[in-house]
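Look it over first, then read the points below.

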Amino acid sequence: MEVKQVVEVATKIGELLLSSGAEIYRVEDTMRRIGAAYKIEIESFVMPNGFSATGKTSDGKMITCVKRIKDRTVDLHKIELLNDLSRRIEAEKLSYDVIVKEIENIEKLPYFNFPLRILSAGIVAFSFTQLFEGTVLDAFFAFIITCVIYVLKEKIEKFGFFQFFEYFISGFLAAIFALFVNNFIWTVNIDKVIIGSIMILVPGIAITNAIKDALYGDIVSSLARLGEALYIAASIGVGVGFALTLGIGWVTL
Amino acid sequence: MGDTMREFLLAFLGSFTGAILFNIERYNLFWAGLCGGIAWAIYKFLVLFSGRAIYATFIAAVFVGLYSEVMARRLKTPAYVFSLPGIYPLVPGIMAFDTINLLTFGKLEEGINKGIETAATAGAIAFGILLASNFYQVLDKLISETLNKKTKK
């Protein structure tokens with residue numbers, strides 16, 4: 001394979017890894033190992049929202065590639081498959097066409113279908129409401145609210161609002177629904193219902209991963225991730241606070 | 001005891017379905033859920049006995065780190081497949097939300113306290129997992145090296 005093709009394949013895999021939520025060191029390491037399989041030295045600088053990588057052959061040819069990543073999700077299955085692919089590239093030195101085809105397959109692959117994911121989001125809310133000392137009834141309403149929010153969030157994502165809007169509106173809706181349930185259907189512990197139903201949104205894993213990055217020595221990306229997590233928490237918090245303030249005024253009227 | 005069992009099952013369910021949202025391989029789901037369930041049980045148990053939540057979180061995270069390394073070796077998948085769902089019940093997501101919520105309602109002092117608690121919890125989890133998994137990997141390397149030496153002799 002030529003330098004160009006190797007760098008193209010390596011950065012494509014790096015991009016997919018990063019957008020599936022892989023750690024920084026894993027992305028850097030994978031790209032370096034893919035390059036090494038074809039005797040090309042790949043040096044990269046990876047940040048949470050993009051990276052640049054340079055491939056260099058032994059006779060001094062160089063090529064650089066910059067990638068910007070827009071949306072990041074957590075998709076462990078994709079990371080696992082990409083990991084396997086990079087191992088195979090290392091061991092068998094696959095040809096360019098084969099690798100491109102494999103990457104296409106991995107990119108397309110849907111795993112769990114949408115209804116199942118909605119149901120799981122609901123069950124997450126159901127169990128965590130009870131773990132945070134809510135009653136079974138609270139958990140039941142949190143289940144319904146989360147299912148609704150999960151669908152709406154997926155829909156809102158497609159409209160192309162600014163990045164934190166979906167978190168704001170989800171938090172807002174969670175609190176509004178909880179208030180609605182409390183006032184018109186059944187008296188519940190509002191704060192427990194809200195906490196349970198935003199469990200799938202809050203950036204707990206993101207904060208922990210940010211500190212993990214710092215412990216590996218990737219200070220810049222650690223701070224970036226920590227900042228992002230704080231903004232997400234702030235968006236949800238402001239959304240919920242806004243709804244509660246409205247709700248309190250409305251109840252006392 | 002019955003209450004602990006109930007919480008164990010709930011944490012299992014939460015991690016199991018959380019793992020579905022993280023998109024992990026079907027046949028690993030059960031083991032990922034089990035990791036979360038046991039981690040939460042350890043956490044609850046230690047909080048009950050010592051009353052120190054961050055210490056309990058740290059020990060639970062150490063367990064998650066060890067469990068996921070052992071399971072990763074057994075089932076031949078990367079360790080994070082188990083460690084991410086495993087820490088899902090422990091991570092301070094709601095705590096971060098509480099921090100912001102307290103701040104938006106003008107309770108600055110309580111908010112800052114919550115914020116520090118959030119940072120400490122996240123630090124305890126990250127440090128616990130990394131410590132356990134690195135320790136396991138080094139130990140594993142040492143054992144396999146000494147075994148190799150013995151077989152060569």
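In this predicted model, the axes of helix H5 (residues 114-131) of chain A and helix H6 (residues 136-159) of chain A come within 7 Å and cross at roughly 145°. Axes are lines fitted to C-alpha atoms, for helices over the stretch in contact, and angles run from 0 to 180 degrees between N-to-C directions. Helices (H or I, at least four residues) and strands (E, at least two) are DSSP runs, numbered from the N terminus.

**The H5–H6 pair**

- H5(A) passes H6(A) in a right-handed crossing. A crossing is right-handed if the near helix is turned clockwise from the far one by less than a right angle, and left-handed if anticlockwise.
- Contact means heavy atoms within 4.5 Å. On the H5(A) side, the residues include A:Phe114, A:Arg117, A:Ile123 and A:Phe126. Among their counterparts in H6(A) are A:Asp138, A:Phe140, A:Tyr150 and A:Glu154.
- The residues of this contact divide into 15 nonpolar, 4 polar and 3 charged. Ala, Val, Leu, Ile, Met, Phe, Trp, Tyr, Cys and Pro count as nonpolar, Asp, Glu, Lys and Arg as charged, and the others, Gly among them, as polar.

**The sheet of chain A**

- Three strands of chain A form an open sheet, in the order S1-S2-S3, with antiparallel pairing. Two strands pair if DSSP finds at least two bridges between them.
- Strand S1 (41-47) and strand S3 (62-68) of chain A stand at the edges. Each has a single partner strand, so one side of each is left without a neighbour in the sheet.
- Neighbouring strands of this sheet are turned by 10° against each other on average, direction ignored.
- S1(A) and strand S2 (residues 50-56) of chain A pair over 7 bridges in the antiparallel sense. One bridge joins A:Phe45 to its partner A:Ser52 in S2(A).
- Helix H1 (residues 3-19) of chain A lies across S1, S2 and S3 of chain A. H1 runs at about 155° to S2(A).
- Helix H2 (residues 24-37) of chain A also packs on the sheet and touches S1 and S2 of chain A. The direction of H2 makes about 165° with that of S1(A).

**Chain A overall**

- Chain A has 10 helices and 3 strands. From the N terminus on, its elements run α-α-β-β-β-α-α-α-α-α-α-α-α.
- The C-alpha trace of chain A spans about 80 × 35 × 30 Å along its principal axes.
- Among the elements of chain A, H5(A) has the highest mean pLDDT (91) and helix H10 (residues 219-252) the lowest (84).

**UniProt annotations**

- In an unreviewed entry, UniProt lists residues 135-152, 164-187, 193-211 and 231-251 of chain A as "transmembrane region". UniProt positions are given in the numbering used here, feature names are shortened, and annotations may be inferred rather than shown by experiment.
- Residues 135-152 of chain A are 94% helix and 0% strand, with end C-alpha atoms 26 Å apart.
- For chain B, an unreviewed UniProt entry lists residues 8-133 as "domain: Threonine/Serine exporter ThrE". This span of chain B is 83% helix and 0% strand.

**Reading notes**

- Residues are numbered from 1 along each chain as its sequence is written, and chains are lettered from A and ligands numbered from 1 in the order in which they are written.
- Local features need pLDDT of at least 70, side-chain atom pairs count only at pLDDT 80 or more, and totals for chains, interfaces and linings use all residues, while side-chain values use heavy atoms, with hydrogens and water left out.

Terms used: pLDDT = per-residue confidence, 0-100.
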